[in-house]
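Hello,

Here is the structure I promised to pass on. Please have it open while you read, as my notes on what turned up in it follow directly below.

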Amino acid sequence: RFRLEHILFGTRYDFDSERITNASWKRSIDLVNSKLPTYNFDFTILDLDREYDPENPRGIYRQLSDGQLVTFDYGYELDDGSIEWINGGEMYTTGETKIDTQSRLPYVTFKTNSIISRMNMMYNKGVYHSTPVSLYSLAEELFIFADIPTTSEGLQPWYIDESLQNIYTKSPLPKKPVNELLQIIANAAMCILQVDRNGLVTITPEPITITNGKLTLSDDYSAPSVIKYPPLQGVDTSVNIVTPSTVVSKLLEKDISSITEQVYEFEYTDSTNITASVTDTLTIIGTPEFYSHYCKIKLKGAGKLTISGNKLELGALIVTHENELVGERCPSYNELLTDENDTRKYAEWIKNYAIRSNDYEIENRGFPEMDMDNIVFDTSLSSGNYGTIYYIELNYNGTISAKTKVLTASKVFNNLFDATGTFNSGQSF
């Protein structure tokens, strides 16, 4: 038997600590997906041979481009002299390279970001679903549309948690970039959108157990700083009620004249049951593509094109989830929420996030093994709190140091755990 594991056409370059002078790995997520996650890895190398100098005719500067795969690892030297390597992840060059040729020692800085930053192609093929469709199906459709490359291990480049099979919507996806639509889906599904160390884009619930142990005072360079957010009074959201009009409306009308076959694209008000009609010598070639607010149609000849359909009428059922008598309200709306039970669960999920009002920033020696959404027990804090990591900045300049941000609550949040650090049965946060 024979199996081809890997093949590379081109040139691969490996850099280690002998050439890397500094590196910065920044990761940030939003636990309720109010914004996209960000992943940036920048590193600087010493270029003594001026291989990356644009003025060097034998250099390799011309080989630099946008979208080149970068993988990286962090290593700890153990007591026996061996190195324990920790996978950093898979990133892609942004095409922005800073080359310093004026200094006595020439340096080159490369900037990279994650695959999710590159999933910014516009999606406008949303449709109204008279029979509700699962958020799992919508997310899968977006990943297929984006056509992102497999990981360096040849894995399918996404993972969608099975819980999305149980949440349904009637609403059409709006016209937005793919990564922003995945953000909306993850929010409606009460999950977190992020990229793991294997380069997989994942939509999964927040973990329910302590993931990577403790942050202790002995690891900190200074006392943690804290931002205290106001108490939460309650959450405001709504069930989106989407109803097709019983009247067929003219969505647009356009005079067309083309002696050759020509593809036209049109946008109109969100509708369903869309049709097209033509007059005179104007002819529809092939089968048009109709979506809730966009169509693609091939035409030839001269005449009038009319596109008709049932417009979608929108309404809302207001849903609130109260927490305290005083404090600030947290409005959070998602257009994909069209089921009342799902929306009430969503409001409780937002509440359990918003009560985490203590935002700690901790400077420490750095833990490359820690990930976004890890739940940790932090004895750096005054009484020891369970918290969720949402930001890590890991810096290297010969040694490793880090800045970590942890979101916690005090008594209410910690009571959700048992003595082993596992959530009490039936509780969420």
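Two strands count as paired if DSSP finds at least two bridges between them. Helices (H or I, at least four residues) and strands (E, at least two) are DSSP runs, numbered from the N terminus. With that in hand, strand β3 (residues 69-77) and strand β4 (residues 83-100) run antiparallel and are joined by nine bridges.

First, some background. This is a predicted model, in which local features need pLDDT of at least 70, side-chain atom pairs count only at pLDDT 80 or more, and totals for chains, interfaces and linings use all residues. Residues are numbered from 1 along each chain as its sequence is written, and side-chain values use heavy atoms, with hydrogens and water left out.

**The chain overall**

The protein chain has four helices and 23 strands. Of its 429 residues, 46% count as buried, where buried means under 20% relative accessible area, exposed over 50%, and partly exposed in between (1.4 Å probe, protein chains only). Among contacts in the chain with a separation of 6 or more, 72% are between residues 24 or more positions apart; contact means heavy atoms within 4.5 Å.

**β3, β4 and β5**

Back to the hairpin of β3 and β4: five residues lie between the strands, and Gly81 takes a positive phi near 90° there. Gly75 stands opposite Trp85 in β4. β4 also pairs with strand β5 (residues 107-113), in the antiparallel sense and over six bridges. In that pairing, Asp100 has Tyr107 of β5 as its bridge partner.

An open sheet of three strands runs in the order β8-β12-β11, with mixed pairing. Its edge strands, each pairing on one side only, are β8 (158-160) and β11 (192-195). On average, neighbouring strands of this sheet are turned by 15° against each other, direction ignored. Axes here are lines fitted to C-alpha atoms, for helices over the stretch in contact, and angles run from 0 to 180 degrees between N-to-C directions.

β11 pairs with strand β12 (residues 201-204) in the antiparallel sense, over four bridges, and Leu193 stands opposite Ile203 in β12. Helix α1 (residues 135-146) packs on the sheet, where it touches β8 and β12, and its direction makes about 170° with that of β8. α2 packs on the sheet as well, touching β11 and β12, with its direction at about 135° to that of β11.

How enclosed is α2 by the rest of the structure? Largely, because ten of its eleven residues are buried. Among them are Val178, Leu181, Leu182, Ile184 and Ile185. The buried residues of α2 pack against β6 (122-123), α1, β10 (176-177), β11, β12 and α3. Just after α2, Met190 takes a positive phi of about 60°.

**Cavities and a pocket**

On a 1 Å grid over the protein atoms alone, a cavity is a set of points where a 1.4 Å probe fits but cannot get out, while a pocket is an open set with protein on both sides within 12 Å along at least five of seven lines; lining residues have an atom within 4 Å of a point. Grid points are joined across faces, edges and corners, and a volume is the space filled by probe spheres set on the points.

A search of the whole structure finds three cavities of 30 Å³ or more. The largest cavity holds about 50 Å³ of space, and its lining consists of Glu90, Tyr92, Ile115, Pro149, Thr150, Thr151, Pro157 and Gly199.

Gly199 lies in the loop between β11 and β12 and counts as buried at 10% relative accessibility. Leaving aside its neighbours within four places in sequence, Gly199 is in contact with Glu90, Ile115, Thr151 and Pro157.
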